Amino acid sequence: MASTIRELSAQDSVSIADLYTGVRARTMQIVAPLEIEDYVIQTAEFMSPPRWHIGHTSWFFETVLQAYKPGYRVYSEAFLFYFNSYYEGFGVRIERPKRGTKSRPTVKETIAYRNHIDEQILSILHSPDSLPEAEIVMSLVRLGLEHEMQHQELLVYDIKHLLCDQFAAPVNPLPESSTRVEGMAEIEGGLVWLGYDKNQVLRSRPFAFDNEKPAHQVFIQDFVIDKAPVSNGDFLEFINDGGYQNFRWWFSEGWEAVNREQWRAPLYWELQDGEWMIRDFSGLHSAKSKKDEPVCHASYFEASAFAKWAGKRLPTEAEWEHAACYDARRKVKQAFPWGDTDPNSGNTNFFENGYWSVAPIGAFPEGANAYGCQQMFGDVWEWTTSDYVPYPGFKSEFDEYNDKWFVNQKVLRGGSFATPQLHIRATYRNFFHAHERWMTSGFRCAKDL
Ligand SMILES: [Fe+2]
């Protein structure tokens, strides 16, 4: 089945009501191939059942209605309990690992809840002047749409964990590589800009999370960075060289994870008759047949171990952002590696391409930056060594959304094949714990000069 999921647009000509309708519809398109039994199963503590995602994203909008729509009556106290994720400020909630222990609310009830919230929000969006605090409501609805896009990507991770190749994903055939991408690019350091500056971004991307602000300068040394993400073929060499059996490549906590979890390869790799295989949405493939694709589902520990084994290191997020978007000839920071136009399906592998997979290295030469680096956006989120901490001058714009996670996590950059097009931007800071690997995480290495 080929993908029919359309790109959404945030151009000025598209109203927030249209954007709302499009984003909400896409969530339901993603889950459409599921059978009813699939919606409620939780296959690991770190994932959530699809039914929970479709309810939780509605719950988020209901918190806006509760706060800002005069006379709004809560749909169901029981739903508030089940669909709250982690917000202390919104009351008691079910523990995350227990989301799959309940068959109620049913899927049908959850969809009815979703439809109710849609009616309520759209009535607001069609006549915002009726609200006392219309401007705040509009910005919260926009935040809610970004939140929903985050959950669309999480749905891809969770459905993969739940069903993998049993899911009838609407997969489009992968593009072929058209160029060889090898070696490392030399990047001149100095004082560089990091973070979101509203005066420098595209009209189509007026939104950024508070954690991307304020734009500020940091000093980086000259360095080199891989032109391509680390491939399955590269990673297979690390595995075959005994990388998972040699403590010297690993952080202490990483080595503990290797032994505790019996890691021998990234997630979704399987050893069959002595040959490494990779399972994805389209089936089981030999790792060799996918040697030229970016490695995916690697933890920070695995990325760091590989880098040490290769005599390199991971980049910092400042190095990554600068390398991705700085055009040294023009001496300007661009919105994207290729310039100041939105990502499109010819230069980036994002969700709407419908591949449900990484694409071969060299398949998107039009996405190259001024230094010849490719696939920095899309395909895999790339680990950086940077701790997920507030930028200097950070101001929280929404309690408990980003600000309470500023400890013990690492920043990843660039978006993945599961990221919606509208959700990809140069300053986006994703973050996960060092041991996590069910998300679409890969990496490229850097080196000091
Ligand atoms: Fe959420």
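Q: How much accessible surface does the protein chain have, and what share of it belongs to carbon and sulfur atoms?
A: Happy to start there, with one reminder: this is a predicted model. The accessible surface of the protein chain comes to about 18900 Å², and carbon and sulfur atoms account for 50% of it.

Q: What does the radius of gyration say about the protein chain?
A: Start with the make-up: the protein chain holds nine helices and 14 strands. Its radius of gyration is 22 Å, close to the 22 Å from the globule rule for 449 residues, so the chain is as compact as a globular protein of that length. Along the principal axes, the C-alpha trace spans about 65 × 55 × 40 Å.

Q: What percentage of the residues count as buried?
A: A residue is called buried when its relative accessible area is under 20%. By that reading, 58% of the 449 residues count as buried. As for contacts between residues at least 6 apart in sequence, 78% of them join residues at least 24 apart.

Q: Which residues touch the most other members of the largest nonpolar core?
A: A nonpolar core joins buried residues such as Val, Leu and Phe through side-chain atoms within 4.5 Å. Here the largest one has 98 residues, and Trp-269, Trp-383 and Phe-443 touch the most other members. Helix H5 (residues 134–162) supplies the largest share of this core, with 13 residues. Another core, of 25 residues, lies apart from it and includes Trp-320 and Phe-350.

Q: Which residues is Phe-443 in contact with, beyond its neighbours within four places in sequence?
A: Among them are Pro-229, Phe-235, Val-295, Phe-306, Leu-314, Trp-381, Glu-382 and Trp-383.

Q: Which residues coordinate the iron ion?
A: The iron ion is coordinated at 2.2 Å by the NE2 atoms of His-56, His-147 and His-151. These donors follow the spacing H-x90-H-x3-H. His-56 sits in helix H2 (residues 50–68) and His-151 in helix H5, so this pair ties together parts 95 residues apart in sequence.

Q: Are His-56 and His-151 buried or exposed?
A: His-56 is buried, with a relative accessible area of 1%. His-151 also counts as buried, at 9% relative accessibility.

Note on methods. Residues are numbered from 1 along each chain as its sequence is written. This is a predicted model: local features need pLDDT of at least 70, side-chain atom pairs count only at pLDDT 80 or more; totals for chains, interfaces and linings use all residues. Side-chain values use heavy atoms; hydrogens and water are left out. Buried means under 20% relative accessible area, exposed over 50%, partly exposed in between (1.4 Å probe, protein chains only). Helices (H or I, at least four residues) and strands (E, at least two) are DSSP runs, numbered from the N terminus. Contact means heavy atoms within 4.5 Å. Donors are N, O and S atoms within 2.8 Å of the metal (3.2 Å for Na, K and Ca); water is not among the atoms, so sites may look incomplete. The radius of gyration is taken over C-alpha atoms; the globule rule is 2.2 Å times the number of residues to the power 0.38. Accessible areas come from the Shrake-Rupley method with a 1.4 Å probe; for residues, only the protein chains shown count as cover.
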